[in-house]
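Please read the following report alongside the sequence and the three-dimensional view.

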Amino acid sequence: MDHIVTSNPYFGVFVLFVITFGAFMATTVIARLASRALAAKDSEKIKLSVYECGPEITKQPNRVSPQFYLFALLFLLFDVEIVFMFPWAVDFKVLGWFGFAEMIMFILLLAIGFVYAWKKGALEWHNIK
Amino acid sequence: MLSPINVSMESLNLMTLAPMLIPVVGALLILVIDIIKGGLHKSLYVVLSLLFLAMDFVAVADSSGVFMANGTTLGLFDVMLIDGLAILAQFIIVGASMLFIPLAMTHKRFHEFSYPEFFALFLFMIAGFQFMVATDNLILVFVGLETSSLALYTLIAMHNRDKSFEAAVKYFTMGALAAGFFSFGAMVFYALTGSVEINKIALVLAANGYADMGFVLIGVAFFLAAFGFKLSLIPFHTWAPDVYEGSSAAMAGYMSIVPKIAAFVVAMRFFEFLVHSGIVWLDVVLYIVVVITMTASNMWALVQTDVKRMLAYSSISHAGFVMAAILIGTTQANAALFLYWILFSFTNLGSFSMLWVSRQKHLPDYQSSDHSYNKFAGMIKTAPIASVIMALFMLSLAGLPPFALFWGKLYMISSAVTGGYTILALIMALNSAIAGYYYLKLIVYMFMKEPVQGNDGHVYVANATLALKTIIGIAAIGTIFAFVAINPILEFVTAFVYNSGY
Amino acid sequence: METLLYIALFAPLVSSMFSALFTTTPKKTFVGVIASLLIFTSFVSSSLLLALIVVNGSAPVHVEMMTWMATGDLYIPFGFIVDEVSVTMMMVVTLVSTIVHIYSIGYMDHDKGFNRFFAWLSAFVFSMMVLVMSDNYAGLFIGWEGVGLCSWGLIGFWFHKESATWAANEAFIMNRIADLGMLIGIFLVYWNTGTLQYEGAFEAFQTLDTATLTWIGIFLFIGAMGKSAQFPLHTWLADAMEGPTPVSALIHAATMVTAGVYLVIRSNELYSLIPNVGLFIASLGAFVALFAASMALVNRDMKRIIAYSTLSQLGYMFAAAGLGAYWVALFHLMAHAFFKALLFLGAGNVMHAMHDELDPFKMGGLKKVMKWTWIMMTIASLALAGIFPFAGFFSKDTILEAAFAEHHFVIYGVLLFTAGLTAFYSFRLVALIFHGEERYKIFGIHPHEAYRFMLVAMSPLLILAMIAGVLQEPFFHMIEEILSAHEYHIHSHTTLWIMLVGTQVFVALAILYAYKKYANAFIKVPDGTSAIENSFAYKLLYNQYYIPYFYEEYLVKPYKEISDMFWNKVDMKIVDASVDGIAGIIYGTGEKTRAMQSGNLSTMLKWMVVGLVVLLSLAVVFGLAARYSDSITVILSGLGVM
């Protein structure tokens, strides 16, 4: 089969994007259905009732510890930096010594940030100074 | 296969980057020091910050020498643009920061200054502002904007009071929206012209004769909203009073000066070519925005009961006043903008510092807020020198001769008249008159009312140390003796603005 | 030369600054001593400058210290000039100032404000030096205002006295009124000539038309009238006697009040172009001479009598200057400064002795205890009266001769008659104070002579009052370099001799009459019952022709009423109400619209979005309008709109 010939070079990216999106949705839906099917159900009334004197509390189904956000943030940070390094690695020869020097500096700055986060205890659960 | 690229170091012109790198290095150094040995006294960090800011100032002065000799310099793949505007704005940014940072040496302990991160973030923020003004690449402007804004949000929150958190979150949320506006505007222009550099955008648009006027205007509308937020133009100003109130007085004073001059420079770069290409829409809209901002914020300032909020609204009004320069768009007006802002930074930082000096930890009963008017009642009896200095700043803000801002207002209004905006000049003058009312209100409180029972005048200097007094002294001297320096400053500013082609 | 000039100019300033350092501290004698030394330095420098100019005949010293104002076309260098005229004034100013400074050390001995006094006094000297040395009208005006300010500070020196502050304000305000005229004059000069330098301006005057010159001359003279207390702005001078006596001697006799004369002399090139104004000045001078002398006849306040006498003598000077006899005016100014200062300082001694009693009727017979003061005041009075060979004879008789030679016989007659009055009131004063019964004993006062050093300090003035006449010839030769001077010789020697002798006899008779009337034992302290005191003439003169009353009744009160009316009706009802109304509207708008600032984040975000949406819709509308402008025009024209 021939390659699909399109005028736009980014058409492939678009297709990938659509597929990824679909796959992501599918994964989440499947995971949710599976867990619902597999989990043991215990629907006692007392357990589900709200204990509050006064107005009914707003329902917050998924309370997440802020630690998760922090971790996510750190992960995102360093992850994105890695993404930045890929194109450099691919074009290493083209970019030459100049690119190398730039990347070294970049990593150096990153390292300072990493050490800072580490020292501040950002990588330990519930232990931020 | 692409052939390896060769970058000659000369073409990079790395010196253009020096003024921004100095605070970055300083910030990193502070972080490293903290990691190696924590718990050091804040005075070390204050001195370190001052040192790096001084180096920064020297670097800016050096680049101003280069500018005077060679004119505008490009650097780093033509991303950096060191022209007169960039240099002037950096002078103001770094100068005002140098005046601000000693205000951390308060008598009382405040939460934020015990963190070395405060100083590191502060320096990062300054680097961000410097990047913002020293480029005409919209992406770098955006990066600078975000660097500085994110740092600023954190700095506000570090004041560690409920109101501060609230302010920081509000500022952050609205700032995110404004950043969205900015990137959207940039996107529109990129779509229209295929470039993110303002001068190229201008060239392309001029070449096709503004064919897609509708899209240009949509882009302009987004930009206007984004700058409107940064410059607190109505109706994008709503964050300002709350944020000013939530942050410490010193920080509020700083915020009324430095972020705005950065935004002014970007706005000047961006709107000037549009104003000059005769887009009526922009003229009309800017006119309306300027007039409403000046007038409405003045009216709101009248009804405030807290001095700090009053000053917040007055800062909005001043920003509107100065925004008129961008509307007028002549060299004289742009020079007047810088002159005004230089004078304004002395005066406004001085008046906010006076509030900072009188900051208490606990409020007595008769005070509804930190700096309510009745706190200053009869101040002349209990703290005569402080009240005279405060009155001095108020008179200057009101634009009374011969104090600093009078000259700023004078040149601004005269530039409006020579630019043909006679009615605008009239409105500006009228607004100065209205503004006089609420500044004098504070003076009336200080000089003509009886002190509240139990106020022995200690509160006015509760927070004073030598460092704070020095800063206030510098501001006061700058305010009083401005008239000596007006001519040289104006000549300097005009030369720089003119040689940058604005 | 320049160094000397700067020393002469700035030594008083240094003195003032130095004394000002101690204003809040208790009395320190060394402050007075150092101030006196510095003023003396200034005097020495002035003398050296005089010597250089007279002996070496060198050209006037002209320095340009700095550019003072340079905006646009306005260029005023701050320059100083020392020529024959200004060096004369400098001599007078520094000499009298030195003496007054030394005298004041004794006079102000017990005063709390001792240090402050010297600060003001030296500041005055500095201002006066700026006034006389400036080479342009702007500098002159600065000095002019400076002396006005110092005079205000010194008249009101005893500010705890209601009358002193009132007098100080009166002097200041009256001078301000006159200064406005002067300022207009200076503006006119600048307008028409483009410069304020004397040199350039005088050159340009030659080409201007007479009408313009007349206006300039009139306005400048209005300034001179204020400072030299000419009618009708004369009332402040008598009231200014509330100040300490040394101040009266220095400021209100010898120097400041002569500034007006100096201005006219300095602008001689202007006034010689407009003889009509000159004649007016001369007539006014003659009138004031008579007018003031008449008021001095009956007054019962020692210092006021001398003040009126000063006024009268200023009239003489203006008469001379107005007639074009500038050098005579300047010479009389100088001679007058010496004997009038002497007279005032003598009066100061008497006041000290009499515990600030000013009514000469309550004194009498003081010559026994105050021999030196008596001698000094008698000689000063003789000089004032113009008796040969004292200073006044030479200066005043020359004025009379000038008037005669210029054929202004009315002025001559008035001035001659005034000379008689002068002699009479001067010796009335001397007789009442020093001769006759010792009336002061009734009031239980034990008078004493002043400090020795005060008398010594006064002695140079005494000598000058006696011998200044011999300076007339050298002075004339010096001054003719610069002032268009010619000696006034009456052609017929007989006429001249008749005039001289006649005047002397007339004056001598007046003196004798005064002695006869007031030096006898029957003088009582007047109690308002004698016939003369109830005569109309006496009352008229005693009340200063009711001029202060007139001012009070017809200028001050109506002004106050008009102000009241404006305040009540116009200001409160119209201006205030409308301003309040506007303020109310603005305030109300602020109150109502502040709801926009709810503090709610969602609302705030909404506002931002609303702003953007409004902008965007405007953009879209405008963009569409631009794109379809052609068809829109068609539609609109179809509707008949465009």
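**Basis of the description**

This is a predicted model, in which local features need pLDDT of at least 70 and side-chain atom pairs count only at pLDDT 80 or more, while totals for chains, interfaces and linings use all residues. Residues are numbered from 1 along each chain as its sequence is written, and chains are lettered from A and ligands numbered from 1 in the order in which they are written.

**Chain B as a whole**

The secondary structure of chain B consists of 21 helices and 2 strands; helices (H or I, at least four residues) and strands (E, at least two) are DSSP runs, numbered from the N terminus. Of the 502 residues in chain B, 59% are buried. A residue is buried if 20 or more other C-beta atoms lie within 10 Å of its own, exposed if 12 or fewer, and partly exposed in between, with C-beta atoms placed from the backbone. Two residues are in contact if their C-beta atoms, placed from the backbone, lie within 7 Å. Among contacts in chain B between residues at least 6 apart in sequence, 81% join residues at least 24 apart.

**Contact between chains B and C**

Here 29 residues of chain B are in contact with 28 residues of chain C. On the side of chain B, the elements that give two or more residues are α7 (162–193), α9 (213–230), α10 and α13 (280–302). The largest share, 10 residues, comes from α9(B). By class, this side of chain B has 23 nonpolar, 4 polar and 2 charged residues. In this classification Ala, Val, Leu, Ile, Met, Phe, Trp, Tyr, Cys and Pro count as nonpolar, Asp, Glu, Lys and Arg as charged, and the others, Gly among them, as polar.

**Nonpolar cores**

A nonpolar core is a set of buried Ala, Val, Leu, Ile, Met, Phe, Trp, Tyr and Cys residues joined through C-beta atoms within 7 Å. The largest nonpolar core has 212 residues, and those with the most contacts inside it are B:Ala225, B:Ala262 and B:Ala324. Helix α15 (residues 331–357) of chain B gives the largest share of this core, 18 residues. Apart from its neighbours within four places in sequence, B:Ala324 is in contact with B:Val290, B:Met412, B:Ala416, B:Leu424 and B:Met428. A second, separate core of 205 residues includes C:Val147, C:Ala178, C:Ala249 and C:Leu464.

**Two helix pairs in chain B**

The axes of helix α10 (residues 239–246) and helix α14 (residues 307–328), both of chain B, come within 9 Å and cross at roughly 140 degrees. That makes α10(B) oblique to α14(B). Axes are lines fitted to C-alpha atoms, for helices over the stretch in contact, and angles run from 0 to 180 degrees between N-to-C directions. Angles under 35 degrees count as roughly parallel, over 145 as roughly antiparallel, 65 to 115 as roughly perpendicular and the rest as oblique. The contact joins B:Ala240, B:Pro241, B:Tyr244 and B:Glu245 of α10(B) to B:Lys308, B:Arg309, B:Ala312, B:Tyr313 and B:Ile316 of α14(B). These residues divide into 6 nonpolar, no polar and 3 charged.

In the second pair, the axes of helix α4 (residues 84–100) of chain B and α15(B) come within 11 Å and cross at roughly 5 degrees. That makes α4(B) roughly parallel to α15(B). From α4(B), B:Leu88, B:Ile92, B:Ala96, B:Leu99 and B:Phe100 meet B:Phe338, B:Trp341, B:Ile342, B:Ser345 and B:Leu349 in α15(B). This contact has 9 nonpolar, 1 polar and no charged residues.

**Backbone details**

A cis peptide bond joins B:Ile234 and B:Pro235, with omega about 5 degrees. B:Pro235 is placed in the loop between α9 and α10 of chain B. The table lists two residues other than glycine with positive phi.

| Residue | Phi | Loop in chain B |
|---|---|---|
| B:Asn160 | about 65 degrees | between α6 (138–157) and α7 |

B:Asn160 counts as partly exposed, with 13 C-beta neighbours inside 10 Å. Leaving aside its neighbours within four places in sequence, B:Asn160 is in contact with B:His111 and B:Glu112. B:Tyr210 likewise counts as partly exposed, with 17 C-beta neighbours inside 10 Å.
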